[in-house]
Amino acid sequence: MPVTRRNPRSVIGYALMLFRSLLLLALCASAQTIHFERHEIRDLGKERIAGAALEGKRLITWGDRILSWDLAAGTMQLIHARISHGFGPGGALFDGGLVVNEAAGRRALLRIDLRTGKSTEIDHGISANEIVPATIFGRRGILLVQRRIQVRFYEAPAWQSRDVYSFYSPSDQGGLMLVDVDRDGRTDILSGNYWIQCPAEIELPWRLFAIRVWAEEKLSGMVKMAWHDLFGTGTPNLIVSQSEMAKARVAWFEKPADPKQIWAEHRIEGSLDLDQPRSLQIADFDADGRPDILVAEGAGAGRLIVFHNEGSGNFAPVEVGRTSGALDARILDWNGDGRPDFLIVEPSRLSWWENR
């Protein structure tokens with residue numbers, strides 16, 4: 001009777017495939033202890049929310065109107081009445097006010113005093129999805145990405161503008177974060193696929209370096225970012241989700257010894273084809289000492305997924321709920337039990353999710 005000989009390479013390949021499948025099943029099973037219960041805060045009906053900012057347990061939302069929510073007391077206050085064009089997604093809290101951008105018309109960039117509701121125009125012709133407070137060379141103000149192609153700084157209180165860098169890329173660039181990437185004591189800027197190195201003096205030019213090459217489509221460089229030590233090594237990792245795409249990537253990046261080189265990309269194991277994951281947050285949801293990754297879809301099924309950190313670079317996806325599409329997700333301990341809950345902002349609804 002003839003003996004069938006197996007190719008050793010095919011046997012090894014099959015064994016590896018079986019091992020990976022069993023490992024993924026084991027990871028998913030171990031992560032099922034993560035559980036959240038949804039609690040409705042307010043359904044605003046047809047009113048549109050475009051963006052939100054959280055300060056302690058005070059939430060500011062903007063869209064058709066600007067509203068202030070005292071989450072501890074469960075009350076809402078009108079700050080600024082409805083305007084004809086409404087406000088766009090970009091906004092930032094700054095010195096007792098909110099800097100926000102009109103969605104159409106003059107596209108004015110405004111500062112709204114949160115005590116009086118009075119508005120002051122900073123600039124016009126602005127289209128900024130990303131606005132953050134920033135201090136650059138001791139000068140305080142706000143930083144934004146103008147029309148997805150230009151990083152610009154406005155210095156308070158005169159609001160004089162300074163263009164930091166203009167992108168020349170086939171894809172739009174979005175996302176904005178301030179980090180000392182090269183550890184030279186000066187704060188650098190991360191936006192889209194790049195980091196922008198802060199010069200030694202304010203009058204010197206900033207320099208652009210690529211982190212990754214995500215430019216296959218127009219929206220490939222529109223991202224949300226987090227900066228966190230995922231594995232307890234003492235070195236922070238960059239975590240990124242593509243915020244405006246269907247079938248979006250979610251990955252963490254390892255900074256090389258020379259951060260001016262392309263960073264090592266690690267696609268999150270078990271990550272799903274997410275639809276516009278516009279929210280990305282990091283917290284240890286199950287108190288195992290390892291930070292997990294929360295991603296909230298803005299479209300499609302509206303899934304809320306925690307990628308449970310199993311250590312050694314492994315993550316197990318756990319779907320903890322669904323929404324009508326999340327604009328924003330924020331981590332907070334709502335009920336003071338020491339466990340991180342999260343707040344979800346939908347286009348017309350607010351909810352908090354209790355960590356059970």
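Figure 1. Gly91 touches Trp62, Leu98, Val99, Val100 and Ile131, where touching means heavy atoms within 4.5 Å and residues up to four places away in sequence are not counted. The strand that holds Gly91 is β6, residues 87-94; strands here are DSSP runs of E with at least two residues, helices are runs of H or I with at least four residues, and both are numbered from the N terminus. At 17% relative accessibility Gly91 counts as buried, because buried stands for under 20% relative accessible area, exposed for over 50%, and partly exposed for what lies in between (1.4 Å probe, protein chains only). Ala128 is 37 residues from Gly91 in sequence, and their C-alpha atoms are 8.4 Å apart in space. Please keep in mind for every panel that this is a predicted model, in which local features need pLDDT of at least 70, side-chain atom pairs count only at pLDDT 80 or more, and totals for chains, interfaces and linings use all residues. Residues are numbered from 1 along each chain as its sequence is written, and side-chain values use heavy atoms, with hydrogens and water left out.

**Figure 2. The whole chain, for orientation.** The chain has one helix and 29 strands. Its radius of gyration is 22 Å, close to the 21 Å that the globule rule gives for 356 residues, so the chain is as compact as a globular protein of that length. Along its principal axes the C-alpha trace spans about 90 × 50 × 35 Å. Of the 356 residues, 49% are buried. If you take the contacts between residues at least 6 apart in sequence, 43% of them join residues at least 24 apart. The accessible surface comes to about 16,700 Å², and carbon and sulfur atoms own 50% of it; these areas come from the Shrake-Rupley method with a 1.4 Å probe, and for residues only the protein chains shown count as cover.

**Figure 3. Glu47 and its partner Arg65.** Here we look at the loop between β1 (36-43) and β2 (49-55), where Glu47 lies. What joins the side chains of Glu47 and Arg65? The link is a polar contact of 2.8 Å, that is, a pair of N or O atoms within 3.5 Å; within protein, one must be able to donate a hydrogen and the other to accept it, and residues adjacent in sequence count only if both atoms are side-chain atoms. Glu47 counts as buried, with 10% relative accessibility. Leaving out residues up to four places away in sequence, Glu47 touches Asp64, Arg65, Leu67, Pro347 and Ser348.

**Figure 4. Glu40 with two arginines.** Glu40 sits in strand β1 and is partly exposed, with a relative accessible area of 44%. The side chain of Glu40 has a polar contact of 3.2 Å with that of Arg38 and another of 3.3 Å with that of Arg349. Beyond four places in sequence, Glu40 is in contact with Arg349, Leu350 and Ser351. Trp352 is 312 residues away from Glu40 in sequence, yet the two C-alpha atoms are 6.6 Å apart.

Figure 5. Strand β25, residues 303-311, holds His308. Is His308 buried or exposed? At 3% relative accessibility, His308 counts as buried. The side chain of His308 makes polar contacts with the side chains of Asp286, at 2.4 Å, and of Asp288, at 3.4 Å.

**Figure 6. Backbone details in two loops.** Most residues other than glycine have a negative phi, and most peptide bonds are trans. The bond from Ala156 to Pro157, however, is cis, with omega near 0°. Pro157 lies in the loop between β12 (150-155) and β13 (160-166), and Trp159 is also placed between β12 and β13. Trp159 has a positive phi of about 60° although it is not a glycine, and it counts as buried at 12% relative accessibility. Arg107, in the loop between β7 (97-102) and β8 (109-113), has a phi near 50°, again positive in a residue other than glycine. With 27% relative accessibility, Arg107 counts as partly exposed.

Definitions and conventions:
The radius of gyration is taken over C-alpha atoms; the globule rule is 2.2 Å times the number of residues to the power 0.38.
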